[in-house]
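Please view the sequence and the structure below before reading on.

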Amino acid sequence: MAATMRRALDKTLSLSTKYLLSRTLTTHIYSTSATTNQSHHHSTPPSCTHDKSCFKTPAVLRSTLNTHQFQTNSSHKFNTQAENPVPTSPNLSSRKRKIKEREDLEEAFESATNFDDMMKAFEKMEACFDERELGLASLKIGLKLDHEGEHPDKVLSFATRALKVLDSENKLSLPLSMTLQLLGSANYELKRFNDSLGYLNRANKVLVRLEEEGSCDIEDIRPILHAVQMELANVKTAMGRREEALGNLRKSLEIKESILGKDHVEIGKTNKDLAEAYVAILNFKEALPYCLKALEIHKAQLGLSSAQVAHDRLLLGVIYTGMEEHEKALDQNRLAQKTLKNWGLSSDLLRAEIGAANMEIALGRYDAAINTLKGVVQQTEKDSESRALVFISMAKALVNQDKFGDSRRCLEVASGILDKKEAAKPLEVAEAYMDMSMQYEIMNELEKAISLLKKAVALLEKLPQEQHSVGSVSARIGWLLLLTGKVEEAIPYLESAAETLKESFGPHHFGIGYIYNNLGAAYLELDRPQSAAQMFAVAKDIMDASLGSHHSDSIEAIQNLSKAYAASGSYGLAIEFQQQAVNAWEGHGSSAEDMLNEARRVLKQLKLKASGASSDGFPTKALPLPHNSDSGRSLQPNIEQSC
């Protein structure tokens with residue numbers, strides 16, 4: 001995504017990016033109640049009307065929090081306005097003096113305007129209150145620290161204290177859900193993703209139960225539930241589970257629309273975030289409607305010439321590129337460039353111009369792309385990342401003109417720049433290495449391509465949120481190793497890629513089918529036909545489901561399965577699957593005449609072999625498939641540097 005959702009409480013539950021849900025909760029967490037003589041088990045009063053647009057904590061939430069303020073009697077609540085205040089006479093009894101001292105400490109804690117004053121008051125309270133009575137105070141301090149974005153370890157400590165108290169009550173409540181969300185946020189910041197996920201899932205269950213039971217007003221639940229959904233998306237993305245994260249992002253959008261309405265400017269931003277999330281997994285078709293909605297809202301709310309509209313157009317260009325609608329992509333890019341130029345956003349404009357050149361390359365306009373890039377390179381600083389990207393795009397145009405020498409020199413310049421940027425910008429450099437490796441592949445310099453991909457993997461492995469990219473690049477390395485005859489070296493890369501990508505995208509993603517096909521090819525090469533047949537069968541099932549049984553790569557998987565069965569002597573099964581391949585090629589018409597004739601020839605040879613007759617020219621090797629073959633899709637993003 002363009003902006004990592006660093007903290008759901010901070011970024012998405014307010015109209016202003018400076019207005020946090022955490023801030024709202026802490027503002028009211030110790031709000032005064034009407035009287036001090038409430039019973040210990042009073043029912044939740046009805047919520048008062050409140051302004052949804054500013055996400056203020058409604059009365060019911062304040063009341064719910066007050067019911068969880070711990071006391072030994074009704075006068076020991078965290079209320080600052082007692083209906084019958086204790087007199088300040090010097091002749092107070094010892095008991096009343098202690099009550100007054102406690103009330104003064106509570107007042108100091110509640111009125112503290114900064115963290116230092118809050119902590120001073122809390123430390124004094126620790127001497128007068130038992131741990132059970134300090135639960136919500138601990139929560140308030142944790143929220144304050146989380147608000148300031150510092151010391152997640154301290155946030156974790158205070159939130160844990162609060163949870164122990166709230167758990168001891170053995171009941172569901174909004175404060176409990178807030179505490180669990182805070183624990184999830186703190187663990188996320190500490191990169192303890194499994195712990196974070198556990199707390200957030202529990203918070204979600206608590207809120208769903210509260211909504212089902214009707215014990216809290218839905219208006220009070222929604223802001224917290226939205227924060228939890230955003231944090232869940234955060235954590236799952238960091239864990240590489242991007243498909244699952246999308247579900248949480250969609251849910252958060254639904255909740256946000258119910259609070260703000262469907263045409264609010266913040267809804268436009270959330271739609272753009274969702275589009276970017278779909279682009280990250282190369283699902284451009286699903287990304288398109290969210291990006292178009294974002295553009296529609298931002299044009300209506302901010303105007304055609306706003307910078308946000310320009311960035312929406314850049315993203316739309318990326319999506320159209322992914323859908324191979326390059327003219328549309330270029331149109332959006334050019335419109336965006338005009339706006340970026342008017343706003344003086346030179347860095348964004350530079351990236352947009354590089355993106356436009358890449359679109360021209362995709363359209364076969366190589367000279368136009370080179371001219372564009374010659375102009376752009378003059379605007380870049382020596383040894384800058386942007387300069388490296390210009391040379392990579394220049395190499396791409398030149399390699400398409402078969403000017404391999406010039407292309408190689410451009411790639412060498414880019415490599416010299418990027419080597420120095422690895423520590424500072426590992427993700428950007430890894431993506432550049434992947435792009436460069438594609439150019440070396442075209443020039444048939446496979447060892448150099450593999451070397452660059454290995455460097456990319458080394459950088460990506462250090463980034464937990466990029467595990468899907470690690471899997472994709474590993475799959476590419478495995479495929480290239482197969483092409484260079486290094487079969488045994490290829491297998492670990494392919495096996496690792498399959499497991500990693502199943503975790504990220506689920507077991508039925510089309511790209512995983514290509515990996516299993518290539519594993520089958522490797523096992524067949526090593527004379528392990530039964531293992532190969534298992535891999536090809538999995539590949540066939542995945543490709544049939546994701547690409548369709550008549551897709552050319554699905555048919556190739558069927559033919560590979562036939563070869564594996566033939567190699568193991570199971571000619572009946574081999575003939576059955578080869579016949580399926582023949583039938584599928586027949587459905588392609590004249591465009592697949594050569595493939596159909598070859599499939600028929602192989603089928604005839606199989607039948608001869610099955611009858612005991614000798615057969616010449618029978619294929620015994622399977623065809624490894626790149627996972628960005630003519631399906632037009634890839635597991636690895638190759639998004640132009642334009643958004």
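## Aromatic cluster

In this predicted model, Phe109 and Phe122 are both buried. Their ring centres lie 6.3 Å apart with the planes at 45°, so the pair is classed as tilted, an angle between the limits of 30 and 60 degrees. Phe109 belongs to helix α4 (residues 94-111) and Phe122 to helix α5 (residues 115-128); the two residues are 13 positions apart, and their pair links distant parts of the chain.

Phe122 also pairs with Phe158. Here the ring centres are 5.8 Å apart and the planes meet at 75°, so this pair is edge-to-face; planes over 60 degrees apart are classed in this way. Because Phe122 lies in helix α5 and Phe158 in helix α7 (residues 152-168), the pair ties together parts that are 36 residues apart in sequence. Phe158 is buried, as is Phe122. Phe109, Phe122 and Phe158 together form one aromatic cluster. The count of aromatic pairs in the model comes to 6.

## Cysteines

The count of disulfides is 0.

## Overall architecture

The protein chain contains 28 helices and 0 strands. Of its 643 residues, 54% are buried. The chain exposes about 27,700 Å², of which carbon and sulfur atoms supply 48%.

Contacts across the sequence complete this description. Among contacts in the protein chain with a separation of 6 or more, 65% are made by residues 24 or more positions apart.

## Confidence of the prediction

The average pLDDT of the protein chain is 82, and 81% of the residues score at least 70. Over residues 1-88, however, the pLDDT is below 50; in the model this stretch has 196 contacts beyond near neighbours in sequence.

A further stretch with pLDDT under 50 covers residues 629-643. For these residues the model has 58 contacts beyond four places in sequence.

Notes
Residues are numbered from 1 along each chain as its sequence is written. This is a predicted model: local features need pLDDT of at least 70, side-chain atom pairs count only at pLDDT 80 or more; totals for chains, interfaces and linings use all residues. Side-chain values use heavy atoms; hydrogens and water are left out. Helices (H or I, at least four residues) and strands (E, at least two) are DSSP runs, numbered from the N terminus. Buried means under 20% relative accessible area, exposed over 50%, partly exposed in between (1.4 Å probe, protein chains only). Contact means heavy atoms within 4.5 Å. Accessible areas come from the Shrake-Rupley method with a 1.4 Å probe; for residues, only the protein chains shown count as cover. pLDDT is the predictor's confidence in each residue, from 0 to 100. Rings of Phe, Tyr and Trp (its six-membered ring) pair if their centres lie within 6.5 Å; planes under 30 degrees apart count as stacked, over 60 as edge-to-face and the rest as tilted. A disulfide is a pair of cysteine sulfur atoms within 2.5 Å.
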